Amino acid sequence: MIARADCEALDWADPLRPFRDRFELPPGVIYLDGNSLGAMPKAARARMGAVLDQWSRDLISSWNIHDWIDLHERVGAKIGRLIGAGAGETIVADSTSINLYKVLNAALDLRPGRRVIVSERENFPTDLYMAEGVIAGRAPGHQLRLVDADGVMDALRDDVAVVMLTHVNYRTGRMYDMEAVTRAAQAKGALVIWDLAHSAGAVPVDLTGANADFAIGCGYKFLNGGPGAPAFLYAAARHHAGMRPVLSGWFGHAAPFAFEPSYRPADGIVKMAVGTPPILSLAALEAGVDVMLDASQDALRAKSLQQAEVFAALMEQELAAHGFRAASPADPAQRGSQLCYDHEQGWPIMRALIARGVIGDYRAPNILRFGFTPLYLGFTELWDAVAILRDIVQTRSWDKPEHHARARVT
Ligand SMILES: Cc1ncc(COP(=O)(O)O)c(C=O)c1O
């Protein structure tokens, strides 16, 4: 039996507790959706304010005097440190979808003669949509082979050019063994692209240790970079020389300000940049990444696992008889930083929870998703969230008409 006092004790003992003060969070809200849009680091206001001052005062000179021109590389390098990349292997650019388009094309080019992209049927849809678009733009015969998560290893045949997987599944939180999958795919001659949208800042990632080929991921989730924050792109150094940018923009040119009439790629990861970087958004992202870099990734993982354990135990203790079916792997080692529950009234229950200040989210057809962000989430909040959920279910307050109305963003 877990009492609220037990959770309070866990909060007092929590070594990450001081990090909460580095975020702006509205009073009365329990935020279990930092896996979708991270909370706002207090430093983001000052950082963005500083860029606004630079803009107003120094105008276009800011590109040189305030190093705006290097910001996408600098923040990329910082994210690289979080995900075990080597120096010069990570850059911030564009969105995750666009970065996937770029690395998918680069990887296919590096495996001429092979025409199959293997991915998971339950992958995040944009990844599958982008793969469809990539295939439409390439020679006939290219195809996307979709398998279940358990079927990836069996799908590795001699025709596979690229294995494209999301490390932590967006819906269930199921996590692949990055090293084992990468090794098996490479043994068959394929390259691997990891989507780290739900991994960077959420679970320890060691791209170098896993010998990863390519990776991409979002800045606005666990990295707390703000709504629509630019994404990151990683390519192992061994691929840089052979990597051909499909989107050959001037920011990936060897000499953008030489204004040459023809494209000549930059060396290294910079060739994967395309157009002018969003400096204001990069400033906010840097603030988020800086907070994350101050925390030990092992401490974050330990707290995330403990939070999931406490949440699951509370769900069992308080709501066992109310139709919530655990939809995430039972083994913590196979999970990211979230727990999901399947419930036939998932949508109105989540709307009712949000109306009471407990913000999780809903993924069709009927998943309630709860993300754990150890930098700013406390154990007592978990206890309170489950108590509110129990009240909503017991009183059937979820069944009010307003909670059944559909919103555009879920
Ligand atoms: C696994 C995964 N990939 C990609 C995206 C989104 O990419 P983009 O930033 O291009 O919208 C998401 C968004 O939730 C995601 O969960």
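**A walk through the sheet and the cysteines**

Start with the open sheet: 4 strands in the order β11-β12-β15-β14, paired antiparallel. Keep in mind that this is a predicted model.

Now pick out β11 (325-326) and β14 (361-363), the edge strands. Each has a single partner strand, so one side of each is left without a neighbour in the sheet. For background, strands of a sheet pair through backbone hydrogen bonds, either parallel or antiparallel.

Next, select β11 together with β12, residues 338-342. The two run antiparallel to each other and are joined over 2 bridges. Show the residues here and you'll find Arg325 opposite Asp342 of β12.

Time to bring in the helices. Select α9, residues 297-319, and you'll see that α9 lies across β12 and β15 (367-371). Its direction is at about 25° to β12.

Last stop: the cysteines. How many disulfides are there? The count is 0, with the cut-off for a sulfur pair set at within 2.5 Å. Select Cys218 and Cys340 to see an example: the sulfur of Cys340 is the nearest cysteine sulfur to Cys218, yet it sits 16 Å away, and Cys218 is in no disulfide.

While Cys218 is selected, is it buried or exposed? Cys218 counts as buried, because its relative accessibility is 5% and the cut-off is under 20%. Finish at Cys7, which is buried too, with a relative accessible area of 0%.

Methods:
Residues are numbered from 1 along each chain as its sequence is written. This is a predicted model: local features need pLDDT of at least 70, side-chain atom pairs count only at pLDDT 80 or more; totals for chains, interfaces and linings use all residues. Side-chain values use heavy atoms; hydrogens and water are left out. Buried means under 20% relative accessible area, exposed over 50%, partly exposed in between (1.4 Å probe, protein chains only). Two strands pair if DSSP finds at least two bridges between them. Contact means heavy atoms within 4.5 Å. Axes are lines fitted to C-alpha atoms, for helices over the stretch in contact, and angles run from 0 to 180 degrees between N-to-C directions.
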